[in-house]
Amino acid sequence: MGSAVSRGRHRERTGLLGWLWRLFVLLVIWLLGVTAWIVWVGERDQAAKADAIIVLGAAAYDSKPSPVFEERIRHGLDLYDAGYAPLLIFTGGYGGTGARFSESQVARRYALKHGIPDDAILIETASRNTVQNLVEAKRLMDQRKLHSVIIVSDPLHMARALRLSKALGIQALASSTPSTRFRSFHTSWRFLVQEIYFFHRDLVRPPLSSPANT
């Protein structure tokens, strides 16, 4: 009798461990799938004729763009020079207290220095994160009756940018920066983990319902 009870308990423990192992394997497969999707979206270049090019903001140091932001700006200028769209929309507000220039103003100064005409540039200075970047860009689009855009950002950031654009009703194509410091494993894995987190957070709590989100 005692041995039968012991065998039953052993089977229960084995069964529980088996289910936990299956759940772990499914979780790993799911995370690998999400990771592959984020990377795949970022590697596609969908650049085609559009009404405008939206360059998402990033850090700026006074009047100079950070290396990441400079790559985004340069890629936006390349798309403009190639004739993909007649307008550039630079996004990004003031990075901190006492900042002299907003991110979008820094981008505008950079573009003007590289020969982009002033009437081909639109900026907004109110946004502080990706959600707000796109909300403010959509406001500018509506004012100008623009419909289609090319989104410029870093490859690992692109999947979230496109999700947010779709939620806002923006007809967006993706064109990631061809070179970025986030491409090395040392710098990209943290960014990738962050984007995986945002993917799952957005499933539970839609970002557009909370403007403070990044």
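Strand β1 (residues 52–55) is joined to strand β6 (residues 148–152) by 4 bridges, and the two run parallel. Strands here are DSSP runs of type E with at least two residues, helices are runs of H or I with at least four, and both are numbered from the N terminus. Two strands count as paired if DSSP finds at least two bridges between them. This is a predicted model, with local features needing pLDDT of at least 70 and side-chain atom pairs counting only at pLDDT 80 or more, while totals for chains, interfaces and linings use all residues. Residues are numbered from 1 along each chain as its sequence is written, and side-chain values use heavy atoms, with hydrogens and water left out.

Buried means under 20% relative accessible area, exposed means over 50%, and partly exposed is in between (1.4 Å probe, protein chains only).

Stepping back to the whole sheet, 5 strands make up an open arrangement in the order β5-β4-β1-β6-β7, with parallel pairing. β5 (121–123) and β7 (171–174) take the edges with a single partner strand each, so one side of each has no neighbour in the sheet. Neighbouring strands are turned by 30° against each other on average, direction ignored. β4 and β5 pair in the parallel sense over 3 bridges, and Phe 90 stands opposite Ile 123 in β5. Helix α5 packs on the sheet and touches β6 and β7, and its direction makes about 170° with that of β7. For such angles, axes are lines fitted to C-alpha atoms, for helices over the stretch in contact, and values run from 0 to 180 degrees between N-to-C directions. Contact means heavy atoms within 4.5 Å.

What about the interior? The largest nonpolar core has 29 residues, and those with the most contacts inside it are Ile 38, Ile 54, Ile 89, Met 141, Val 149, Ile 151 and Met 158. The elements giving two or more residues to this core are α1 (2–43), β1, α4 (130–144), β6, α5 (155–167) and α6 (185–204). α5 provides the largest share, 6 residues. A nonpolar core here is a set of buried Ala, Val, Leu, Ile, Met, Phe, Trp, Tyr and Cys residues joined through side-chain atoms within 4.5 Å. Leaving aside residues up to four places away in sequence, Ile 38 touches Pro 155, Leu 156, Ala 159, Leu 192, Glu 195 and Ile 196. Another core, of 22 residues, lies apart from the largest one and includes Ala 47, Ala 50, Phe 69 and Ile 73.

As for α5 itself, 10 of its 13 residues are buried, so the helix is largely enclosed by the rest of the structure. Among the buried ones are His 157, Arg 160 and Ser 165. Just after α5, Gly 169 takes a positive phi of about 80°.

Turning to charges, side chains of opposite charge can pair when their charged atoms come close. The whole structure has 9 salt bridges, each being a side-chain nitrogen of Lys or Arg within 4 Å of a carboxyl oxygen of Asp or Glu. One of them joins Asp 202 and Arg 163, with the closest N and O atoms 2.9 Å apart. Asp 202 lies in helix α6 and Arg 163 in helix α5, so this pair ties together parts that are 39 residues apart in sequence. Asp 202 is buried at 12% relative accessible area, whereas Arg 163 is partly exposed at 24%. Salt bridges with shared partners join Arg 163, Arg 201 and Asp 202 into one network. Arg 201, also found in α6, is buried with a relative accessible area of 10%.

Elsewhere, Arg 108 forms a salt bridge with Asp 118, the closest N and O atoms being 2.6 Å apart. Lys 138 does likewise with Asp 142, at 3.0 Å between the closest N and O atoms; both lie in helix α4, 4 residues apart, about one turn of the helix.
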